[in-house]
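Please look over the sequence and the structure first, then read the notes below.

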Amino acid sequence: MKSSANTKAGVTARKDSAPAGAADAFSFLEQRKRRRFLLKVVAVLVVLTLAWEVGWPKLHSRSVSSRARARKAHLNRRGEGRGESWVLPKRWRDGAAGATTGDDLPVCKRVLLFEFSGTHGFGSEIMLYLRAQVVAQKLGYVFLSNDEHWNYGSLSEYFLPRQIHCRPSPDWFLRDAPGVVPLGAKRWTSEDRVWFGRELLDKADDWTRDELLDPDAMTELKVAKYGRILPEGATLPDQLEEVFVDFAAAAKELFSRPNDQLATMIRSQRMELGLGTGGLRNRKNSPTWGGNRRTGDTKRPAVEDVHEDDHDFDEAGGAERSDRGPLIGTYFRLDKSNVAPVLGAGSRAGDFSLAIEGATDAVRRLSKSSLQSPGYSRSRGHVFPSHATPTLVVMTSEDDVVPALLSDPKVSDTFAVTRTSSVPMASLVQWQDLLKLELADYDGKPAKLKKGDHGHHDASKILKTWNQAVFNALPHSLRVHLTRYFLRDLITLSLYADAFVVSGASHVGRLAMLIGAEDAVAGPRDISGKGLGGRIRSVDTPWYPTSSPEALFEQQRS
């Protein structure tokens, strides 16, 4: 019986162990299949990774090359003379000896790219450009700009290129290139490649407010109260002087280097306005001094090399000049809006009576100075005799400004009112199809722009009144031509006029302050170091570095 029981138990054990063994074998097979599958996945990932590492650079390089060729073709279609806004040192430029040797420039490591937009005004876009340059300078970035789609053409069509001392990567102009982040992104200051454009205005305001402005000083500025007109000395608030110096340095790097065509136009305008003549004795740093031609030296000095007090009269001995009266420039638009000031005087922006009052104050300071209101010149207070007739030179694109001024007896009895010289009609002949109304002395029907002109605006009116949409639809060559004359007037009045009255609410007005630089805006200082006001004056809004006065104090919601 016992043996029989053992036998049954053995049989039962074998029956029980059979399923267990089968399960173990099945589990082993499943594990082996899973391992094989995982090995295949890893192998595929390795192959894909290798293919990506090897193939992606080639694909990206082809894409960059294709986009670079398309960009170059686009620039070439806009006309000759267009180049980049930057240039390598001569030794490393194409065709130079150093360009083909092993002694090469390093690749730019940290780059901030500014991208020009194609819709806004010149002053607005250049102020953004200067802001980007200040950010780059503060954070140690190489500053580059892409003006491929700028509605004003290319910087190189007005100014000499900036020299940089590293070699940009082939895709430097692409804001969507790998590794490029927008200004204001998370931890963007630690990234090597950053881009900035009009879309990121609020981010730039945040950085300016956090890094460049003192909150306590901004609170003090916010509660400052002024009268109807912004006082002399308030154009550049003490709280913003340090930031202004940074912006003015960036402006000098651009505006002190006009190209040959623009520099010639500036010299001609100075001569026309009596702010400088050719062949002056003992004026070797004058752009029009004849000595360069006599010695065979064709190199011209930069615009900033001519001192603001170095005009065409002999300062030695301190004698008053008698060849002309003071020349006061003004850039102001007639009151065509109800824009109330946020920061500054109590009048509304665009009140031209403020400009006339500012010009009158300038004449007083140029002819009779006092301890409380000294003249603008650092060398002497009296420049013009009090009986000299002052000239008011109006920089404007509006035909109705000068007649409106002359209709006011207070203006016409005090000033000889004139306008900066207009664009010569002879230079506009090639665009006669668009501008035939002006070229034919207002005879005939207004010309219309062709298809795709933003609403078929009347192009013939562009020389009589400003319209940004009409300007943007003009041919590229005409836009550049008109812009050169605008820059001629802006630079001439900012650097050489005896005084320049502007609106700080205008981008162009704030740009004029930067071109003139600190001494021209702050003026002589009192014993405490506070500026008493310089020859460039805003009569409504102080200079500010942000997109709007409100952005000085608080974050703006887009």
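Helices, here runs of H or I of at least four residues, and strands, runs of E of at least two, are DSSP runs numbered from the N terminus. With that numbering, Ser-506 is found in the loop between strand 10 (499-502) and helix 14. The model is predicted. Its secondary structure comes to 14 helices and 11 strands.

**The chain as a whole**

- The chain has 558 residues, and 48% of them count as buried.
- Among contacts between residues at least 6 apart in sequence, 70% join residues at least 24 apart.

**Helix 13 and helix 14**

- Helix 13 covers residues 476-496 and helix 14 covers residues 507-522; the two pack at an angle of about 55°, and their axes are 8 Å apart.
- The crossing in which helix 13 passes helix 14 is right-handed.
- On the helix 13 side, the contact is made by Phe-486, Leu-490, Ser-494 and Leu-495.
- On the helix 14 side, the residues they meet are Val-508, Leu-511, Ala-512, Ile-515 and Gly-516.
- By type, the residues of this contact between helix 13 and helix 14 are seven nonpolar, two polar and no charged.

- A polar atom of the Ser-506 side chain lies 3.1 Å from the backbone nitrogen of Val-508.
- Ala-517 has its place in helix 14.
- The phi of Ala-517 is near 80°, which is positive although the residue is not glycine.
- Ala-517 is partly exposed, with a relative accessible area of 27%.

**A second residue with positive phi**

- Arg-187, another residue other than glycine, has a positive phi near 55°.
- The loop between strand 5 and strand 6 holds Arg-187.
- Arg-187 counts as exposed because its relative accessibility is 60%, and the cut-off for exposed is over 50%.

**Buried residues elsewhere**

- Ile-164 sits in the loop between strand 4 (162-163) and strand 5 (180-182).
- With a relative accessibility of 4%, Ile-164 counts as buried.
- Leaving out residues up to four places away in sequence, Ile-164 touches Trp-86, Val-87, Leu-88, Pro-89, Val-142 and Leu-144.
- One of these contacts, Val-142, is 22 residues from Ile-164 in sequence, and their C-alpha atoms are 7.7 Å apart.
- Gln-269 belongs to helix 6 (residues 260-273).
- The relative accessible area of Gln-269 is 1%, so Gln-269 is buried.
- Apart from neighbours within four places in sequence, Gln-269 is in contact with Thr-420, Ser-421, Arg-488, Asp-489 and Thr-492.

**Helix 3 and its cover**

- Helix 3 spans residues 201-211, and its buried residues are Ala-204, Asp-205, Asp-206, Trp-207, Thr-208 and Arg-209.
- What covers these buried residues of helix 3 includes helix 2 (122-139) and strand 6 (193-196).

Key:
Residues are numbered from 1 along each chain as its sequence is written. Side-chain values use heavy atoms; hydrogens and water are left out. Axes are lines fitted to C-alpha atoms, for helices over the stretch in contact, and angles run from 0 to 180 degrees between N-to-C directions. A crossing is left-handed if the near helix is turned anticlockwise from the far one by less than a right angle, and right-handed if clockwise. Contact means heavy atoms within 4.5 Å. Ala, Val, Leu, Ile, Met, Phe, Trp, Tyr, Cys and Pro count as nonpolar, Asp, Glu, Lys and Arg as charged, and the others, Gly among them, as polar. A polar contact is a pair of N or O atoms within 3.5 Å; within protein, one must be able to donate a hydrogen and the other to accept it, and residues adjacent in sequence count only if both atoms are side-chain atoms. Buried means under 20% relative accessible area, exposed over 50%, partly exposed in between (1.4 Å probe, protein chains only).
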